[in-house]
Amino acid sequence: MSARKFVPYANESDVVHFGQLMVENRVDRITISGDIDLTADQAGLASARQLQQLLAAIIATLEGQELPAKLPPAPVKTVDNPFA
């Protein structure tokens, strides 16, 4: 992960990478995409610990606030095609 602190749900700009895993911060969601191999060696253990720390921070943030049962769908806006 990056040296900079990742604060879950704090902004719309933070992205951290480890392995081929990408974690994108948003104010209403965290998007995790890609893949990572958690190999049975020291490198795999280090990656697993990084993933565990990231998920623990996300869970702590969620547990520290009042949450709706489910987020409403994002509003959809139609815009004119700038290339037409």
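This is a predicted model: local features need pLDDT of at least 70, side-chain atom pairs count only at pLDDT 80 or more; totals for chains, interfaces and linings use all residues.
A polar contact is a pair of N or O atoms within 3.5 Å, in which, within protein, one atom must be able to donate a hydrogen and the other to accept it.

The backbone of Tyr9 adopts a positive phi of about 65°, although Tyr9 is not a glycine. Tyr9 has a relative accessible area of 18% and is therefore classed as buried, the limit for that class being under 20%. Asn25 is likewise buried, with a relative accessible area of 1%. When neighbours within four places in sequence are left aside, the contacts of Asn25 comprise Phe6, Val7, Pro8, Tyr9, Ala10, Asn11, Glu12, Ser13, Asp14 and Ile30.

Strand β2 is part of an open sheet of three strands, arranged in the order β1-β2-β3 with antiparallel pairing. Strands β1 (15–18) and β3 (30–35) are the edge strands; each has a single partner strand, so one side of each remains without a neighbour in the sheet. Direction ignored, neighbouring strands are turned against each other by 15° on average. Helix α1, spanning residues 42–63, packs on this sheet and touches β1, β2 and β3. The direction of α1 makes about 155° with that of β1. In general, the strands of a sheet pair through backbone hydrogen bonds, in either a parallel or an antiparallel manner. Between β2 (residues 20–25) and β3, which run antiparallel, there are six bridges.

One of the residues of β2 is Leu21, whose bridge partner in β3 is Gly34. Leu21 counts as buried, at 7% relative accessibility. Its C-alpha atom is separated by 7.0 Å from that of Ile32, a residue 11 positions away along the chain. Not counting residues up to four places away in sequence, Leu21 touches Val16, Ile32, Ser33, Gly34, Asp35, Ile36 and Leu51.

Leu21 is also a member of the largest nonpolar core, which holds 11 residues in all: Phe6, Tyr9, Val16, Phe18, Leu21, Val23, Ile30, Ile36, Leu51, Leu54 and Ile58. Two or more residues of this core come from each of the elements β1, β2 and α1. The greatest contribution is that of α1, which supplies three residues.

The loop between β2 and β3 contains Asp28, which is partly exposed at 34% relative accessibility. The side chain of Asp28 makes a polar contact of 3.1 Å with the side chain of Arg29. Beyond its neighbours within four places in sequence, Asp28 is in contact with Tyr9 and Leu71. Asp28 and Ala74 are 46 residues apart in sequence, and their C-alpha atoms are 10 Å apart in space. Tyr9 is accordingly found among the contacts of Asp28 and among those of Asn25.

How values were computed
Residues are numbered from 1 along each chain as its sequence is written. Side-chain values use heavy atoms; hydrogens and water are left out. Two strands pair if DSSP finds at least two bridges between them. Helices (H or I, at least four residues) and strands (E, at least two) are DSSP runs, numbered from the N terminus. Axes are lines fitted to C-alpha atoms, for helices over the stretch in contact, and angles run from 0 to 180 degrees between N-to-C directions. Contact means heavy atoms within 4.5 Å. Buried means under 20% relative accessible area, exposed over 50%, partly exposed in between (1.4 Å probe, protein chains only). A nonpolar core is a set of buried Ala, Val, Leu, Ile, Met, Phe, Trp, Tyr and Cys residues joined through side-chain atoms within 4.5 Å.
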